Structure formats: C-alpha cells, structure tokens
Amino acid sequence: MNFIELVFTGLGVGFAVGLTGIGGGSLMTPILLAGGYSPPVAIGTDLLFAAFTKTGGLIAHQRQGSINWCVVRWLAAGSIPTSLIINFLLVDGAFHSEYWYEALLRCSLGIMLLITGITVVGKKYILKLRQNSLAQQKNNLDENKPNKLILWILGILLGTAVTLSSVGAGAFGAAALMLVVPSLKAARIVGTDIAHAVPLTLLGGLGYLYHGLVDLSLLGALLCGSFPGITLGSMLSQKLPEEKLQLLLGCLLIFLGLRLTIA
C-alpha cells in the first residue's frame, strides 16, 4: 500500500470510529493484513495507532469528569503486567518468521473480531442484562466500590486480548464494564474504557516497537488520515442511523472473525 492509500485507509477507519464509536483496531488490523502486512507488524502498528487516536478522547473525558479512576486502576493492575509478560516472553524478534507465531496472532485476532462483532450485534441484550442487574441490586450498587477481583481478572483478559490482537479495548471492554460495574453511567463507561485503553495499547505498541514490529512510516500515514476522518464522522453521527450502522459493522466483524479463524 502506498502513502495515499494508507492515508485514505486511516481516513476511512477514523470516519467509522467517529460515526459509530467502534471499529478502530477491529477494522484497521484486518485491512492491514489484506494490504500485505504481516500479523505482528499490523497488530503492533495498530496498537500505537489506537493509543494516539484514543488520547484525545481520554483528555476530553477527564475534563468532563467522566472517568472512574478506581475501576481503571484495578483493570490496569491485571492488564499491564499481562501485556508486559506477553511482550517479553512471546513477542520476540526470534519469532518473526515462525509460522506458529503468526498463526497465533492471526487466530487471536479472528477470535477477538468474532467476540467484538457479537458484542456489537447483541448490544440490546447486554443492556437488558445490565438493567436487570441494576433492578436486582438497586440498594447495593456503588460505582466507587466495584468488585476488585472481577475487575483484575477482566484486566488480565483484556491485556491478553489486546496485546495479541490489538482488538478488545473498545466495544468489548465497554460491554464488559456494563456488566461488571452496572452502576456506571453510559458516559462514564466510555470514559473509563478509554482511560484504561490508552496506557494498555501504548504499552503493548511500545513492546512491539522494541522488537522491531512497528512500521513508523505506516503509522504516520494512517494518523494523517484518521484525525480528519474521526472529525468528519463525529459531525455526521447525529444525522445518520447509528444503530443500523453499528449492526452492519457488527456483522462485518463477525464475518472477518470467521474468515480469519477458519483460514
């Protein structure tokens, strides 16, 4: 892919993110694989791409006070050490040309695309489960007193998924928070998920960079297109049927996940 194609790729993915709120890593990594990049380079580059693009959201949510830092800390307590372990035990330069290594990353990506797609398609069901949980535990729920053990375990799962596939820190992470901390309001779920995703994707991306698995020129071209794409998508998001677009995107992710997992 040449520079112009990469800029338009970043523009398209950024537009999808701005329009629906999902699709960053879920779309970018499969597109890079289709463009001829190896799974390690596609995943490593996308992790840093996600870290840069989500930083603006982190700043905005911090200004609005829509981040539960207690939840972020317990998620990070599980995800950050997990990402470090994976980076230094598995994401090693010695494995660049090993078939099993690329197959593992490709399979991890396929599984996470499937899970993310199902999460997006089943959003109404997840919201219903959340409402039932709120109704049953109305007097005992406090977002400042979450179940720390469950958050720690969720952090381990997210750290594994994100580091091996670059997918999981968005729609899947937010859906998990809806169920694990049902007392969190929608805006705080999004803000908390982003606040956790930024250091996780940054750390994961730096690990790939350390092992020479990030294409910096590729990253720069994608970022050139993504920022105007996100802005344009955000401007149009109020004028288009967001729910139908998310359903369409969810079905696309399921298709991509099946294709990568079965291949």
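**An aromatic pair, a nonpolar patch and an enclosed helix**

Searching the whole structure turns up one aromatic pair. The model is a predicted one. A pair of aromatic rings is described by the distance of the centres and the angle of the planes. Here the partners are Phe-88 and Tyr-210, with ring centres 5.8 Å apart and planes at 55°. Planes under 30 degrees apart would count as stacked and over 60 as edge-to-face, so this pair is tilted.

The pair links distant parts of the chain. Phe-88 belongs to helix H4, residues 69–89. Tyr-210 belongs to helix H9, residues 186–210. How accessible are they? Phe-88 has 48% relative accessibility and counts as partly exposed. Tyr-210 has 62% and counts as exposed. The cut-off for exposed is over 50%.

Next, the surface. Trp-74, Leu-149, Trp-152, Ile-153 and Leu-157 make a nonpolar patch of about 480 Å². Which helix gives the largest share of the nonpolar patch? Helix H7, residues 148–165, does, with four residues. Leu-157 lies in this helix. Its relative accessible area is 51%, so Leu-157 is exposed, given the cut-off of over 50%.

Now helix H8, residues 171–180. Is H8 largely enclosed or open? Seven of its 10 residues are buried, so H8 is largely enclosed by the rest of the structure. Buried here means under 20% relative accessible area. The buried residues in H8 are Ala-171, Gly-173, Ala-174, Ala-175, Ala-176, Leu-177 and Met-178.

Key. Residues are numbered from 1 along each chain as its sequence is written. This is a predicted model: local features need pLDDT of at least 70, side-chain atom pairs count only at pLDDT 80 or more; totals for chains, interfaces and linings use all residues. Side-chain values use heavy atoms; hydrogens and water are left out. Rings of Phe, Tyr and Trp (its six-membered ring) pair if their centres lie within 6.5 Å; planes under 30 degrees apart count as stacked, over 60 as edge-to-face and the rest as tilted. Helices (H or I, at least four residues) and strands (E, at least two) are DSSP runs, numbered from the N terminus. Buried means under 20% relative accessible area, exposed over 50%, partly exposed in between (1.4 Å probe, protein chains only). Patches are made of residues with over 30% relative accessible area and no salt bridge: like charges are joined within 9 Å, nonpolar side chains (Val, Leu, Ile, Met, Phe, Trp, Tyr) within 5 Å. Accessible areas come from the Shrake-Rupley method with a 1.4 Å probe; for residues, only the protein chains shown count as cover. A salt bridge is a side-chain nitrogen of Lys or Arg within 4 Å of a carboxyl oxygen of Asp or Glu.
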